[in-house]
Amino acid sequence: MRAALFRSTGPSSVLEFVTNAAKPTPAAGQLLVRNQFIGINFIDTYHRTGLYKVPLPYIPGREASGVVEAVGEGVSSFQVGDRVAYMNANTCAEYALASQEQTIKVPTNVSMEQAAALLLQGATAMSLTRLAYEVKKGDHVLIHAAAGGTGQMLVQICKHYGAVVIGTTSSPEKAETARKAGADHVILYTQQNVKDEVLKITSGKGVQVVYDGVGKSTFDISLGSLARLGTLASFGNASGKVDDVDIMKLVPNAVRLMRPSLFSFIKDKADFDFLVNPLLELFGAGKITIHIHKIYDLSDIKSAHDDLESGKTQGKLLLRV
């Protein structure tokens, strides 16, 4: 089968497109899915660079949409021919395995592109706003990279819960994207002092929570932007892994620090449903929308990784199989 893989960790040049990868066979509780669209996420780059360790050679990817080709023993909720979207490992391939516990049927009024774009970043945003810190009406929330795929999801969901949303972006163009998603205030971190602007907006109090998917370059800024008893949810490493933390930095405002991960939150179907069901309800009601920045061919996965890591994209990146 066709697939993208890497045999060693490193820059995007380690990625290969092959046509002779082994087609997987579903075990009990699994589906074999013929993929149509595959979501590209920062976790794929963490695997490729070796920040997150994986066995080599490795097929990247953590989400996709497609059609069920076969089902394993004990699968009763899905059948051959179903349109599905799912989260699992090794999705950057023509065929991939899905657990029935982390798979949804795609409604007829939802495109397969939308289904592939919604699940992982949407569930991540739900986990951050419901579990890492439960956003409440009137909260001030700071979201870094607010024009990115996860950033736009976070902005929309926080606004749905009644928060005042402050986003950071690198350019006026991205600032407009963040505003269209619903951000009340946008700070251009390339031109403005983020901490100073946050304190101005909040009358010197700071925000109740910072959702920081950038990592190393924004960590201290995020800490400095928190209100007393605020929460920093540092959930990504787009600029690199955060350096070792001096716990005494948390003392001045008695702040909370969490390093959440979606796959740490989801351990069974109940966890999956807790995040995905309300996400699907919001999407179905038109409360959140998806912006797809670009769709690449599977064979062009290197360009997708390069574009994502460049920081110049706005919204979701997909691969077409």
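User: Which residues in α8 are buried?

Analyst: In α8, the buried residues are Phe272, Leu275, Val276, Pro278, Leu279, Leu282 and Phe283. Buried means under 20% relative accessible area, exposed over 50%, partly exposed in between (1.4 Å probe, protein chains only). Helices (H or I, at least four residues) and strands (E, at least two) are DSSP runs, numbered from the N terminus. An α-helix has 3.6 residues a turn, so residues three or four places apart point the same way.

User: What should I know about the model itself?

Analyst: This model is predicted: local features need pLDDT of at least 70, side-chain atom pairs count only at pLDDT 80 or more, and totals for chains, interfaces and linings use all residues. Residues are numbered from 1 along each chain as its sequence is written, and side-chain values use heavy atoms, with hydrogens and water left out.

User: What do the buried residues of α8 pack against?

Analyst: They pack against β5 (83-87), β7 (103-105), α2, α3 and α7 (262-265). Contact means heavy atoms within 4.5 Å.

User: What caps the N-terminal end of α8?

Analyst: Aspartate 268 does. A side-chain oxygen of aspartate 268 lies 3.2 Å from the backbone nitrogen of alanine 270. A polar contact is a pair of N or O atoms within 3.5 Å; within protein, one must be able to donate a hydrogen and the other to accept it, and residues adjacent in sequence count only if both atoms are side-chain atoms. Just after α8, glycine 286 has a positive phi of about 75 degrees.

User: How do I read a helix pair, such as α3 and α4?

Analyst: Two packed helices are described by the angle between their axes and the distance between the axes. Axes are lines fitted to C-alpha atoms, for helices over the stretch in contact, and angles run from 0 to 180 degrees between N-to-C directions. Here, the axes of α3 (residues 149-160) and α4 (residues 172-181) come within 8 Å and cross at roughly 35 degrees. Gln152, Val155 and Gln156 of α3 meet Thr177, Ala178 and Ala181 of α4.

User: Is glutamine 156 buried or exposed?

Analyst: Glutamine 156 counts as buried, because its relative accessibility is 8%. Leaving aside neighbours within four places in sequence, glutamine 156 is in contact with Ala181, Lys287, Ile288 and Thr289.

User: Where is threonine 91 found?

Analyst: Threonine 91 sits in the loop between β5 and β6 (95-99). At 0% relative accessibility, threonine 91 counts as buried. The threonine 91 side chain reaches the backbone oxygen of glutamate 63 at 3.2 Å.
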